[in-house]
Amino acid sequence: MRAQTILLFCLMTSFLAFISVANAESGLASYYGYGRAGKGGELTCAHRTRPFGSVLRVSYSGRTIQCRVNDRGPFIRGRIVDLSVPAARALGMMSAGVVRVSVD
């Protein structure tokens, strides 16, 4: 009985880990200072496929922010997300311009 419980727990844990990683992306991010800016310095971003209003967790160089999708893009090959200027500042990528990030 205990072996079955442990096996079931391991299967469920690996299944949940698979689901949570399924939406994770890694790639290049840039920032934009035009168009639909967030209200009062709100951290916003543009993503090709995620629904408007969804919140993404973006990580770079040990920093992690949460930003809301309010636009479509980026339209440059190889980039997975465009960040607003306040989001880029919070992430610490303003001087670099284009950086490799992880998006959950």
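This is a predicted model: local features need pLDDT of at least 70, side-chain atom pairs count only at pLDDT 80 or more; totals for chains, interfaces and linings use all residues.

Confidence. I found a mean pLDDT of 83 for the protein, with 73% of its residues reaching 70 or more.

Overall fold. I next traced the strands and found that six of them close into a barrel, in the order E1-E5-E2-E4-E3-E6, with mixed pairing. From one strand to the next I noted a twist that averages 45 degrees.

Pairing of E2 with E4. I looked up how strand E2, residues 44-46, meets strand E4, residues 63-71, and found that the two pair in the parallel sense over three bridges. For individual positions I wrote down that Thr44 stands opposite Arg68 in E4, and that Ala46 has Asp71 of E4 as its bridge partner.

Pairing of E3 with E4. On E4 I also checked the pairing with strand E3, residues 55-60, and here the two strands run antiparallel and are joined by six bridges. As a reminder to myself, strands of a sheet pair through backbone hydrogen bonds, in either a parallel or an antiparallel sense.

The turn at Ser61. I followed the chain from E3 into E4 and found that the two form a hairpin with two residues between them. Ser61 lies in this loop, and I noted its positive phi of about 50 degrees, although the residue is not a glycine. Is Ser61 buried or exposed? I found Ser61 to be exposed, with a relative accessible area of 63%.

Between E4 and strand E5, which covers 79-84, I located Pro74 in the loop. The peptide bond that joins Gly73 and Pro74 is cis, and I recorded an omega of about -5 degrees for it.

Rings and charges. How many aromatic pairs does a search of the whole structure find? My search returned zero such pairs. I did, however, find a charge placed over a ring, in that the charged end of Arg72 sits over the ring of Phe52, at 4.2 Å from the centre of that ring.

Notes: Residues are numbered from 1 along each chain as its sequence is written. Side-chain values use heavy atoms; hydrogens and water are left out. Rings of Phe, Tyr and Trp (its six-membered ring) pair if their centres lie within 6.5 Å; planes under 30 degrees apart count as stacked, over 60 as edge-to-face and the rest as tilted. A charge sits over a ring if NZ of Lys or CZ of Arg is within 6 Å of the ring centre and within 35 degrees of the ring normal. Two strands pair if DSSP finds at least two bridges between them. Helices (H or I, at least four residues) and strands (E, at least two) are DSSP runs, numbered from the N terminus. Axes are lines fitted to C-alpha atoms, for helices over the stretch in contact, and angles run from 0 to 180 degrees between N-to-C directions. pLDDT is the predictor's confidence in each residue, from 0 to 100. Buried means under 20% relative accessible area, exposed over 50%, partly exposed in between (1.4 Å probe, protein chains only).
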